[in-house]
Number of protein chains: 2
Amino acid sequence: MDEFNERIDVLKTLKFIMNMIHKSMEDEFRELNITGPQGMIIGILMRHRKMKISELSKKMGLTSSTVSGIVDRLEKQGMVKRERSSDDRRVVYVNIDEEFRKKSKEVFKKVEDKFRDMMNKATEEEHDEIVKGLNTLKRLIESNKQ
Amino acid sequence: MDEFNERIDVLKTLKFIMNMIHKSMEDEFRELNITGPQGMIIGILMRHRKMKISELSKKMGLTSSTVSGIVDRLEKQGMVKRERSSDDRRVVYVNIDEEFRKKSKEVFKKVEDKFRDMMNKATEEEHDEIVKGLNTLKRLIESNKQ
DNA sequence: TGCAAATATTTCGGATACTAAATAATTATA
DNA sequence: TATAATTATTTAGTATCCGAAATATTTGCA
């Protein structure tokens, strides 16, 4: 295979891998009965417990009106709660409901376990190849971006 | 770094890479003044010239009613044309407008060139690492899926 | 041949997601 | 204190997305 095609294949392979991950994510969210954007917010709240609307917006690269709408729908289903800051009363904190947090944690864990199981099926050598290749690509992207 | 964390990092690194690619795609589509799903269809038509609605649906994993709607909006902007098959008059072919095809081709090419330029900045060794790592991961996913 | 079944697409209703602009409330500052 | 800046929400408009029903056409078969 010539050099040109090999380089395009990197893109194709990446797309294939992205597709598979995307599908896993969808399964994960379907199990929790939430949509993709809702799952993003839940995922962030799983690790931060309390987030401002503005922080969520920035983290997700969406406008705050969009986030406000998504939080509306999550709140209606009792998955998150809004809480006005007493410190600065313009600010709204979004909390994940404790019950839903536990349920989500299990589902997220299940997916991570599945990925880890898969990685564990690789030989030591394959594993090193994967880690090395991905990190090299990441470095390359980073050094190209600024 | 212990083994556990190394394996989680694979997921994180993948997410980072996916994010960067996603952003490039968005820029690409913004330049053509189309949305993500519209861009998917244009991308497919760039390589096939003529596609049935049902073929597009299957390729994109969407229902044909959804695809029909997206094609509606592309057609309204003159980017694609519908054409009834004379062979089987139930079938509708979607063609990309020749003018828009040329414009898109340039934009897509620009993005591919950018990616190729980036890959060309890697040393031969780095390049091999990337290709090898991605292909190993792909094989691992494939052997795990059925 | 004539009619039922199958196929391809469209239409419709209902939900989410997304943005920009307008609004409301609060805080910071000149 | 008057004004500017910040934070979140609401509103209006567009785009996805699905499933069910409608439409048009073709195919199978009695």
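Strand β1 (residues 50–52) of chain A is joined to strand β3 of chain A by three bridges, and the two strands run antiparallel. Two strands are said to pair if DSSP finds at least two bridges between them. Helices (H or I, at least four residues) and strands (E, at least two) are DSSP runs, numbered from the N terminus. Within this pairing, A:Lys50 stands opposite A:Asn95 of β3(A).

The model is predicted, so local features need pLDDT of at least 70 and side-chain atom pairs count only at pLDDT 80 or more, whereas totals for chains, interfaces and linings use all residues. Residues are numbered from 1 along each chain as its sequence is written, chains are lettered from A in the order in which they are written, and side-chain values use heavy atoms, with hydrogens and water left out.

β3(A) has a further partner: strand β2 (residues 80–84) of chain A pairs with β3(A) in the antiparallel sense over five bridges. Here A:Arg84 has A:Val92 as its bridge partner. Strand β3 of chain A covers residues 92–96, and because four of these five residues are buried, the strand is largely enclosed by the rest of the structure. Buried means under 20% relative accessible area, exposed means over 50%, and partly exposed lies in between (1.4 Å probe, protein chains only).

We now turn to the interface of the two chains. Contact (heavy atoms within 4.5 Å) links 43 residues of chain B with 43 residues of chain A. The chains bury about 4,700 Å² between them, 76% of it on carbon and sulfur atoms. This buried area is the accessible area (1.4 Å probe) that two parts lose on being put together, summed over both. On the side of chain B that touches chain A, the elements giving two or more residues are α1 (3–32), α5 (98–120) and α6 (124–145) of chain B. Of these, α6(B) gives the most, with 19 residues.

One residue of helix α6 of chain B is B:Lys138. Leaving aside its neighbours within four places in sequence, B:Lys138 is in contact with A:Thr13, A:Phe16 and A:Ile17. B:Lys138 counts as partly exposed because its relative accessibility is 26%. B:Lys138 and B:Asp128 are ten residues apart in sequence, and their C-alpha atoms are 15 Å apart in space.
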